Amino acid sequence: MKILVTGGLGYIGSHTVVELIKNGYETVIVDNLYNSNEHVLERIEKITGVKPEFNKVDILDRNGLEEVFKRHSFDGVIHFAGYKAVGESVAIPLTYYENNVAGSLNLYELIKKYNVKSLIFSSSATVYGDSFASPMKEEYGLGVTTNPYGTTKLMNEMIITDFAKTNRNISAVILRYFNPIGAHESGLLGEVPNGIPNNLVPYIARVANGTLDYLNVYGDDYDTVDGTGVRDYIHVVDLARAHVLALKYANEHNGCEVINVGSGTGYSVLEVLHAYEKACGHKIAYHVTDRRPGDIATSFADTKKAEKLLGFKVERDIADMCRDSYNFTVKNPDGIK
Ligand code: NAD
Ligand code: UFG
């Protein structure tokens with residue numbers, strides 16, 4: 001089976017391409033290299049022995065994207081391409097709507113035109129907003145988003161749901177990711193944030209390797225186990241496996257399903273920090289500062305639907321996530337070059 005992977009050289013996309021190849025799929029990648037580079041392709045080949053076809057195409061370039069559809073007959077599309085920085089999306093909202101919504105519309109038009117059966121979309125737990133209590137259940141529906149990035153995910157969910165309603169041949173699975181962290185166990189693939197990381201684990205990784213001095217813990221007065229924010233961290237390889245299962249599900253069904261992908265367990269900021277200390281073998285300095293605007297106290301997934309429909313369960317725990325994150329950071333101090 002042949003699968004188009006948009007954003008396939010990015011963090012989650014590259015790990016998913018590896019899992020797809022391992023499971024016998026042929027993959028074709030489209031990426032504009034906005035947040036990745038072609039060396040990722042060599043890393044994928046090193047791990048799998050297969051170099052997937054890569055097309056440097058922007059999904060906003062409708063004609064360029066169509067050329068890829070003309071040359072192939074795809075059984076499915078996994079759509080990762082998009083911008084993902086929450087703070088940046090507040091500063092440049094139109095750029096986010098253009099890339100994440102208009103770009104996606106180009107792709108959905110082509111999926112329709114070329115009769116592609118399956119679509120898997122990268123959504124986020126951010127669509128629950130701060131409207132609901134954890135564990136977050138899919139049947140809660142959509143909450144109120146707190147930033148344009150989250151709104152682009154919400155809009156895509158609505159567009160795909162409507163699209164699947166009137167196009168009975170399409171089978172869509174919207175995956176709501178919780179907090180993907182970690183790296184490929186080989187140390188060849190991982191997350192390379194631009195500049196100072198916004199997210200917890202990439203930041204801790206840079207304190208652990210001495211690039212940054214200490215972690216700012218955003219608040220210790222939440223109603224949680226130790227007062228710090230609680231999130232549902234999932235190893236990126238487990239998340240990648242979920243895409244392979246979602247694709248199999250989509251191929252065997254019609255319609256549209258929304259499915260959480262998390263571990264179902266929440267860890268506080270300090271619990272993650274201590275797990276990382278074990279992984280790197282030394283203490284990690286931190287200062288407690290004010291709460292970060294827009295943060296919620298606790299977010300973790302109800303994972304029953306993923307288990308029931310996809311047969312998905314995480315296989316890696318927080319110690320594995322920290323070990324693989326640190327291994328990648330040590331082996332790639334300057335990112336994937
Ligand atoms: P990433 O930035 O590492 O990967 C995205 C890839 O898409 C990059 O390689 C980038 O170059 C490419 N891209 C961006 N705009 C493009 C365009 N117009 N045309 C072609 N390629 C384009 O991000 P990631 O962490 O791998 O996230 C993948 C998807 O999952 C995104 O849609 C993101 O919003 C979503 N998601 C991520 C997280 C997370 O914490 N990482 C959580 C929830 C959802
Ligand atoms: N945190 C710190 N210090 C930091 C960074 C984060 O204390 O330097 C805390 C946050 O306050 C929060 C927790 O660590 O309690 C996790 O924060 P992240 O920024 O790593 O993750 P978020 O849950 O805030 O957001 C992530 C993605 C969003 C996505 C959301 C839900 O960044 O894009 O998960 O999927 F929408």
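This is a predicted model: local features need pLDDT of at least 70, side-chain atom pairs count only at pLDDT 80 or more; totals for chains, interfaces and linings use all residues.
A residue is called buried here when its relative accessible area is under 20%, and by that criterion helix 1 is mostly covered, with 11 of its 12 residues buried.

## Helix 1

Helix 1 spans residues 11–22, and its 12 residues reach 17 Å from the first C-alpha to the last, which is close to the 16 Å expected at 1.5 Å a residue. The buried residues of this helix are Y11, I12, G13, S14, H15, T16, V17, V18, E19, L20 and I21. An α-helix has 3.6 residues a turn, so residues three or four places apart point the same way. After helix 1 comes G24, which has a positive phi, near 85°.

Strand 5 is largely enclosed by the rest of the structure, because seven of its seven residues are buried. In a regular strand the side chains alternate between the two faces of the sheet. In strand 5, S118, I120, S122 and S124 point one way while L119, F121 and S123 point the other way, and all of them are buried.

Strand 5 pairs with strand 4 (residues 76–79), and the two run parallel and are joined by four bridges; within this pairing, I120 of strand 5 is the bridge partner of I78. Strand 5 also pairs in the parallel sense with strand 6, over seven bridges, and here F121 has I174 of strand 6 as its bridge partner.

Strand 6 covers residues 171–177 and includes R176. Which side chain does the side chain of R176 meet in a polar contact? The partner is the side chain of Y128, at 3.0 Å. R176 has a relative accessibility of 2% and therefore counts as buried, the cut-off being under 20%.

Strand 9 (residues 230–231) and strand 12 run antiparallel and are joined by two bridges, and V230 stands opposite S268 of strand 12.

## The two ligands

Ligand 1 is surrounded by 27 residues, of which D31, N35, K84, N99 and Y149 are the closest. By class, this shell consists of 13 nonpolar, 10 polar and four charged residues. Ligand 2 is surrounded by 21 residues, and the closest of these are N199, N216, R231, R292 and D295; its shell has 11 nonpolar, seven polar and three charged residues. The table gives polar atom pairs between the protein and each ligand.

| Ligand and its atom | Protein atom | Distance |
|---|---|---|
| Ligand 1, oxygen | G10, backbone N or O | 3.3 Å |
| Ligand 1, oxygen | N35, side-chain N or O | 2.7 Å |
| Ligand 1, oxygen | K84, polar side-chain atom | 2.7 Å |
| Ligand 2, oxygen | F178, polar backbone atom | 3.3 Å |
| Ligand 2, nitrogen | N216, polar backbone atom | 2.7 Å |
| Ligand 2, oxygen | R292, side-chain N or O | 2.8 Å |

Ligand 2, with an oxygen atom 2.8 Å from an N or O atom in the side chain of R292, has 680 Å² of accessible area on its own, and the protein covers 89% of that area. Strand 8 (residues 215–218) gives the most to the shell around ligand 2, contributing four residues.

For ligand 1, which has an oxygen atom 2.7 Å from a polar side-chain atom of K84, the accessible area of the ligand on its own is 820 Å², and the protein covers 95% of it. Helix 1, strand 5 (118–124) and helix 6 (148–166) are the elements that give two or more residues to the shell around ligand 1, and strand 5 supplies the largest share, three residues. The strand that makes this contribution to the shell of ligand 1 is thus also described above as joined to strand 4 by four bridges and to strand 6 by seven, while helix 1, another contributor to the shell, has 11 of its 12 residues buried.

Conventions. Residues are numbered from 1 along each chain as its sequence is written. Chains are lettered from A and ligands numbered from 1 in the order in which they are written. Side-chain values use heavy atoms; hydrogens and water are left out. A residue is near a molecule or strand if one of its heavy atoms lies within 4 Å of it. A polar contact is a pair of N or O atoms within 3.5 Å; within protein, one must be able to donate a hydrogen and the other to accept it, and residues adjacent in sequence count only if both atoms are side-chain atoms. Accessible areas come from the Shrake-Rupley method with a 1.4 Å probe; for residues, only the protein chains shown count as cover. Ala, Val, Leu, Ile, Met, Phe, Trp, Tyr, Cys and Pro count as nonpolar, Asp, Glu, Lys and Arg as charged, and the others, Gly among them, as polar. The expected span of a helix is 1.5 Å times one less than its number of residues. Buried means under 20% relative accessible area, exposed over 50%, partly exposed in between (1.4 Å probe, protein chains only). Two strands pair if DSSP finds at least two bridges between them.
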